[in-house]
Amino acid sequence: MNRRKHTNIVPVAALVRWVAVAIFLAAAGLGYVYFKNQMQTTGNEIRTMEAQLSTLRTQDDAVRAQIDRLSSHSYLQRRLAEGFIQLTPIRDDRIVRVHLPGSQAAAAAAENTEDLQPVSNRFTAQ
Amino acid sequence: MTYCAKVRALIACCALALCFTGFSARLVQLQVTRHEQYAALAAEKHGNKQMLYGRRGLIVDINQQTLADNDPVRNVVADGSLLAHPEEAAGVLAGPLGLDESALIEKLASGRRYIVLKKDVPEATAMEIENRLSVRSIRGITFEQDAERIYPNGPMACHVVGFMNGDHEGVEGIEAQEDEYLRGHEGFRYTERDRSGNELVAYRGEERAPRDGYTVRLTLDLNLQNIVETELDTACAEFKPKKAIVILMRPQTGEILAMANRPNFDPNEVRTKPAAYIQAHEGDMMNCAIADMMEPGSTFKMVTAAGALNEHLVRPDSVIFCENGAYNYGGRFLHDHHPFGDLTVEDILVKSSNIGAAKLAMELGEQRFYGYIRGFGFGERTGVSLPGEVPGLVPPPHRWSKLSITRIPMGQEVAVTPLQTITALCAVANGGRLMMPQIVHDITDDKGQVIASFPPVEIRQVVSGDAAREVTEALKGVVSPRGTAALAKVSGFVVAGKTGTAEKIDPKGGYLPGKYIVSFCGFLPADNPAFVGLVMLDDAQTKPDQNYGGMVAGPIFSRIGEKAARYLNLEPQPEEPESDVIITDREHD
């Protein structure tokens, strides 16, 4: 009776409980550190992406400004004067007007067999 | 355990408890009681308010061709508190920024947290400096985003587009008028940084996104503007006038298709010039089309004729005796440039008879005539969306002299702006409906959604459609071999218009001898106008016998009209037979 009374019984339930608590705390701690690290990494990625986006936007603005300059009337005329762009004025007798349906001229043109007529601003006698 | 041991243990426990209580109290004091103070301190040390750039909106023409854009630049800013070695930083910065190294060291060593080192540094230069600083691990230099306003077409339409000052505020033109829409709104973000200066994204605070400025789309057509500017340059080279103005408008809507002034300026250069230069050239930057007023001369006769026809006091074929060129009224003689006897109302406009116009105005009477002048929009601002418009000067009848009823009909004793003149002619071309001149077509955001649009605004019906048609018929005669503006003819089209040759007013009183403001205002095709044009030259240098609206401004209108008609793809119409007879006008003898 006495021997059985003094036997050291392992408190399995308590041990399991404490081990579970310890594991939970450890996991929570590790999880906290992991998520904190993730936040940091994602934050850095966001920062890098934002910087890239800003750079791209700036480059886009710069390129658009350059396109505006190069396609402006004054620039093109300067290049034309320099002979870089070769343009030949269209002669009056080479201008062909396509009559739009419904216009007065279309009705007149319909009477003629020719749908396309060379015209010029100087009206030629019929 | 002995008693003593128990006492010692108790004392130790109490001491520990007291110690931890002290720590706790201190923590509570730091974290709760003095939270604000330390949070502010931490924020000052590691926190930062980052400004987020909102770019200024664009100004484009009706076809979306750019008139004003932004070229990205950087402002180089230093934080003196983060610079460990100002000398090293100055060594890297001085060369590319073109700054004196010793002055730069002095600035950087001041320890201030916000030192602007240089503004408007090109993007490429900024990137180069950034790389160099990165290689040497120099902290404390930042590159703030900014933009330089550029005008790709240089001086073209400069008076309409306007320009900005160094503080990114619109000063003239659309830049000033629509500044509220064009201005981008900066955003901000509160951030925290670690010891090495990198942002801790997880600790971002309050944030407001920036908003880009809106795009302002004008009614101007750059292709027509280019035609106008080219012809204006040619005319200025030939006649060397003090000022020259050309406006093209669409009569049905009041849209301004082109507006050019001489002298002009390049808005790209305004920012780089010193204030003294800008003050000296303020006149060049003034949009004379809306801000300058002058006596209109004979172009004003159409107002007189339109009023008389609208009141059915006369018909186009009614005959008025023009006193054979000299009319004594109020003790003063009024002359015509040629002695005319009987003229029809139509011929009064065609031949530009001063006496005929005066008699028409007398038929109308002072009050009714004044009503028509105001009805056509003279004496009040047109309401165009451009800054600096003046209303002109039209005195009320109770302030008229006895001679006024004979002088005002031929465009004396009143002061009008070129825009008012063309707007009045637009009313005639538009069946008597006066439209508000419009320069802004719509305002859109960066996604293309319309924020504000400006539909045509009819101000009033000034004269009936019949009266407008009768005036138009008469104005057709002006641009015919028997009229005063045969040289304003545009091949293939019937043009209606009116010349004006007004003597320049002497600031000391009277008129300046030999100085004229010559003009031609017309529209084509006369029966279904696609556009109305005004050409005005102040003090053109030409032979005295050729200094008339029909001979100077008329041919310029003709060249512009021909090119514009071709650009607008207008269908040519049959022409009337030609004649070599050319009559010129001068109303002030």
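Start at I247(B), whose contacts, leaving aside residues up to four places away in sequence, are I256(B), A258(B), M259(B), A289(B), P418(B), L419(B), I422(B), V532(B), G533(B) and L534(B). Keep in mind as you look around that this is a predicted model. I247(B) belongs to the largest nonpolar core, a set of 132 residues, and together with I174(B) and F376(B) it touches the most other members. Apart from that core lies another one, made of 20 residues, including V76(B), V92(B), A94(B) and I129(B). In soluble globular proteins, nonpolar side chains tend to be buried together.

Now zoom out to the domains of chain B. The domain assignment gives domain 1 as 70-95 + 115-148 and domain 2 as 222-271 + 287-567. Between the C-alpha centres of these two domains of chain B there are 57 Å.

Next, turn to chain A. Its elements are four helices and two strands, arranged along the sequence as α-α-α-β-α-β. Chain A has 126 residues, and 12% of them count as buried.

Where does chain A show a nonpolar patch on its surface? Look at V10(A), V12(A), L15(A), V16(A), V19(A) and I23(A), which together have about 560 Å² of accessible area. One of these residues, I23(A), sits in helix α2 of chain A, spanning residues 12-70. I23(A) counts as exposed because its relative accessible area is 55%, and the cut-off for exposed is over 50%.

How values were computed: Residues numbered from 1 in each chain as written. Chains lettered and ligands numbered in written order. Predicted model: local features only at pLDDT ≥ 70, side-chain atom pairs only at ≥ 80, totals over all residues. Heavy atoms only, no water. Domains from an automatic or database assignment. Core = buried A, V, L, I, M, F, W, Y, C linked by side-chain atoms within 4.5 Å. Buried < 20%, exposed > 50% of the residue type's maximum accessible area, 1.4 Å probe, protein only. Contact = heavy atoms within 4.5 Å. Patch = residues over 30% accessible without salt bridge, like charges linked within 9 Å, V, L, I, M, F, W, Y side chains within 5 Å. Areas by Shrake-Rupley, 256 points an atom, 1.4 Å probe, with all protein chains shown as cover. Salt bridge = Lys/Arg side-chain N within 4 Å of Asp/Glu carboxyl O.
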